[in-house]
Amino acid sequence: MADIVEHRPPAAPTMPVVRAVTFADIKAALLAGLSDFARAPAFGLAFGGLYAAGGILILACVFFFDLGYLAYPLFAGSVLVGPFVAAGLYDVSRELEAGRRPTWQGVLGTIFDQRKRELSWMAFVTIFAFIIWMYQVRLLLALFLGFASFASLQDFLRVLFTTSDGLGFLAVGHVVGAALALGLFSITVVSFPLLMDRDLDVVTAMITSVQAVLTSPGPMLIWGVTVVGLIFIGTAPAFLGLIFVLPVLGHATWHVYRRAVAPAA
C-alpha cells in the first residue's frame with residue numbers, strides 16, 4: 001500500500017513581538033547612538049556626508065532653476081528619506097552590539113545584499129511617499145496661490161506671509177504635511193532596521209512598526225519630534241551639520257528598534 005502523505009499548509013510567519021518603550025528608552029537610545037558614532041566615526045561621517053551632499057545638491061538645483069519656493073518643502077521631504085540613507089549605520093550598530101569591529105567590506109556588502117531582500121521595497125515606499133509629498137505641495141500652491149509665477153524667492157515669501165491666501169497655504173500645508181509625515185513615520189520607525197536584521201516581508205515590517213507606535217505613542221512621538229528637530233538644526237550651516245546629526249540618529253534608530261522589538265526566538 002502506498003504511503004499516505006499528509007499535506008499541511010505552510011506555517012504562517014511569526015510576527016515580531018513588540019515591547020513598550022519609555023521616555024528613558026528614547027534617551028538611552030540617543031546616548032547609545034552617540035556612543036556608536038564615537039566608536040566608528042568613519043562610517044557615520046561617510047553616510048552623513050552623503051546625506052548632506054544630497055541636501056546641498058537639491059538646494060543648488062532649486063535656486064539654479066529659480067524654484068526657490070520649493071526649497072522648504074524639499075527640505076522637509078528630505079527628512080522622509082533619512083532612514084533609508086542611514087541603512088548602513090544599522091549594520092554598523094549591529095556589529096558593535098555583537099562585539100565585532102565593522103568593516104567597509106562587511107557594511108557595503110550587507111547594503112548590496114539588500115537588493116535581494118525586502119528593504120528595497122521599503123525604500124520604494126519611502127520614495128513614493130516623497131513624491132506624494134511634493135505633489136500635495138504643488139496642489140495646495142495651485143489651490144491657494146493659483147498658477148502665478150514669482151520673480152524671486154523674496155517675492156514668494158512676501159505673498160506667503162502678508163496675504164490671507166499665503167497664510168492659508170501655510171496653515172493647511174503644515175496640517176496636511178504633518179499627517180503625511182506621521183503616517184510615514186509610523187510605518188518606518190522600526191521597519192528599516194527590522195528588515196536589515198531579519199528576513200521578513202515588507203508588509204510585516206510596516207505592521208510591526210505601526211504596532212510599536214501604537215504601543216508607546218508618547219515616547220515614539222517624542223522620538224519623531226526629536227528626529228525632525230535635530231535634522232532641522234543639522235541643516236545649519238549649509239546642511240553641513242547633517243554630517244554629524246545623521247549618524248547619531250541612524251545609530252540611535254537601531255537602538256530604538258532593539259528596545260521596541262523583542263529579539264527573534
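What share of the 265 residues in the protein is buried? I looked this up before anything else. Buried residues make up 43% of them, where buried means under 20% relative accessible area with a 1.4 Å probe, protein chains only.

I noted the ground rules next. This is a predicted model, in which local features need pLDDT of at least 70 and side-chain atom pairs count only at pLDDT 80 or more, while totals for chains, interfaces and linings use all residues. Residues are numbered from 1 along each chain as its sequence is written, and side-chain values use heavy atoms, with hydrogens and water left out.

I then checked the secondary structure. The protein has 13 helices and 0 strands; helices are DSSP runs of H or I with at least four residues, and strands are E runs with at least two. The C-alpha trace spans about 85 × 50 × 35 Å along its principal axes.

I turned to contacts, meaning heavy atoms within 4.5 Å. Of those between residues at least 6 apart in sequence, 79% join residues at least 24 apart.

I looked up the nonpolar cores, which are sets of buried Ala, Val, Leu, Ile, Met, Phe, Trp, Tyr and Cys residues joined through side-chain atoms within 4.5 Å. The largest has 48 residues, and Met220, Trp223 and Ile231 have the most contacts inside it. Elements that give two or more residues to this core include α1 (23-39), α12 (217-234) and α13 (242-260). The most come from α13, with 9 residues.

Leaving out residues up to four places away in sequence, Met220 touches Val21, Phe185, Val189, Ala212, Val213, Val256 and Ala260. I also found a second, separate core of 18 residues, with Met134, Leu140, Phe169 and Leu184 among them.

How values were computed
Buried means under 20% relative accessible area, exposed over 50%, partly exposed in between (1.4 Å probe, protein chains only).
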